[in-house]
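This report describes a predicted model. The sequence and the structure are shown first, and the description follows.

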Amino acid sequence: MVSERIDTVTPARAARLRARRDAREPDLWALLDDVMDPEVPVLSLWELGVLQDVARDADGVVVVMTPTYSGCPAMEAMEAAVRARLHAAGHANVRIVRRLSPAWTTDWLSRDARRALVAYGIAAPGALECPQCGSTHVTLIAQFGSTACKALYRCDDCREPFDVFKSH
Amino acid sequence: MTKAVDGDVFAYALALGDDALIHGQRLAEWVSRAPTLEEELAIANVALDHIGRARLFYARAIEAGGDARSEDDLAYLRDADAFTNLTIFELPRGDFAVAVARQFLTDAFNVPFLAALAGSRDAGLAAIAEKAVKESTYHLRRSRDWVLRLGDGTVESRARMQRALDATWAHCAELFEPFAAEERLLARSVAVDRAALERPWRATVDAALRDATLTVPTTPAAGYRGRSGRHTSHLEPLLADMQVLQRAHPGQQW
């Protein structure tokens, strides 16, 4: 099971955790913690690793986001959701900056995010275990699934097909 | 990212964007026609990666070009002779083996190309490549798998895979031919030395074809120069299909 693995904190994730701990705008972060991935609604955009930073400047609020895949069609929906959340809280002027580098990686997913994925029925990246029965006897059906970030597998024990969040 | 107008970076980013867009459009033609539902999803996802990549390269081109054109203007309002994509991307959709051949031969090029471009002195191009190389690496796993499955498959699948490789091979020489702006950018450590990639590309291709019991083609180069706008007759119908909406209703959105 995922929870029994030793959790390793990659340098990239450690940097994200530090940035979050030292955040200067806790109220803005709290607002955006409500904004979920439209395709995987158990992960916030922060947990997913798409949300990089939020800050105030002279013109309003600046949000920095990193796309998962170059052509991910959910990116526009994510940006619209971020805008809507900030507008609803009275921040009229919102600017979104897309940052490509460093490139998004599933190394940024937290332990909680990985648990949330499995509970939702999606195997976590790098952990090829059936989210239904925990078996590691699994077969690849297709390298691409219903969204850009997932692949499709089948469990050879319980015979259920399941999505895997691709290691990226 | 630099904001200075730079005609060579404009031409280079435009060419890389054209490659990605035309390949993405050819892949999109497979939607509703793929052999299985899983392949349908795979091809559509790969198409989206390429079209997303095209948008990023076009955005960098516009920044370097310093004019008022939009990504949509570049994609929808240029004629065939203004497109600078390599001709391998515009070849007709063909059968599934043709799609696999094109994907494999260009993935095998894109992986070392993008890995090198990620070290470009142009921060904008480097960032696009840093992201795209991860996607192309994943694409190559799938396209190589298919070369093996079709090549080392049935008599029919093997014959079709070989035929597709032989036909596509004639357009591979262009992958390694730099154009003038690219050569100037190479001297500035902005562009990648694509001629130097032929050897690693051949190593990847030869190994896969050997594993797939296929023969390395000997088809001579077709002699087109997509980078100079010297295209095959297949590009115009592709553009007519892709551009019809924006040509008929300029500025239309959904």
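## Domains of chain A

Chain A is divided into domain 1 (2-107) and domain 2 (109-165), with bounds that come from an automatic or database domain assignment. The model is predicted: local features need pLDDT of at least 70, side-chain atom pairs count only at pLDDT 80 or more, and totals for chains, interfaces and linings use all residues. Residues are numbered from 1 along each chain as its sequence is written, while chains are lettered from A and ligands numbered from 1 in the order in which they are written.

The centres of domain 1 and domain 2 of chain A, taken over C-alpha atoms, are separated by 24 Å. Between these domains, 15 residues of domain 1 of chain A are in contact with 18 residues of domain 2 of chain A; two residues are in contact if their C-beta atoms, placed from the backbone, lie within 7 Å. The side of domain 1 of chain A that touches domain 2 of chain A has six nonpolar, five polar and four charged residues. In this classification Ala, Val, Leu, Ile, Met, Phe, Trp, Tyr, Cys and Pro count as nonpolar, Asp, Glu, Lys and Arg as charged, and the others, Gly among them, as polar.

## Individual residues of chain A

A:Arg83 lies in helix 4 (residues 74-88) of chain A. Helices (H or I, at least four residues) and strands (E, at least two) are DSSP runs, numbered from the N terminus. A:Arg83 counts as partly exposed because it has 17 C-beta neighbours inside 10 Å; a residue is buried if 20 or more other C-beta atoms lie within 10 Å of its own, exposed if 12 or fewer, and partly exposed in between, with C-beta atoms placed from the backbone.

A cis peptide bond, with omega of about 0 degrees, joins A:Ser101 and A:Pro102. A:Pro102 is placed in the loop between strand 3 (94-98) and helix 5 (111-119) of chain A.

## Contact between the chains

The contact takes 16 residues from chain A and 20 residues from chain B. On the side of chain B that touches chain A, helix 2 (37-65) and helix 5 (123-151) of chain B are the elements that give two or more residues. By class, this side of chain B has nine nonpolar, two polar and nine charged residues.

## Helix packing in chain B

The axes of helix 1 (residues 7-28) and helix 2 of chain B come within 7 Å and cross at roughly 160 degrees. Helix 1 of chain B is therefore roughly antiparallel to helix 2 of chain B. Axes are lines fitted to C-alpha atoms, for helices over the stretch in contact, and angles run from 0 to 180 degrees between N-to-C directions. Angles under 35 degrees count as roughly parallel, over 145 as roughly antiparallel, 65 to 115 as roughly perpendicular and the rest as oblique. The residues of the contact of helix 1 with helix 2 of chain B divide into 18 nonpolar, five polar and two charged.

## Loop residues of chain B

B:Ser189 is not a glycine, yet has a positive phi of about 60 degrees. B:Ser189 is in the loop between helix 7 (180-187) and helix 8 (198-211) of chain B, and is exposed, with 11 other C-beta atoms within 10 Å.

B:Thr213, also not a glycine, has a positive phi of about 60 degrees. B:Thr213 is found in the loop between helix 8 and helix 9 (235-248) of chain B.
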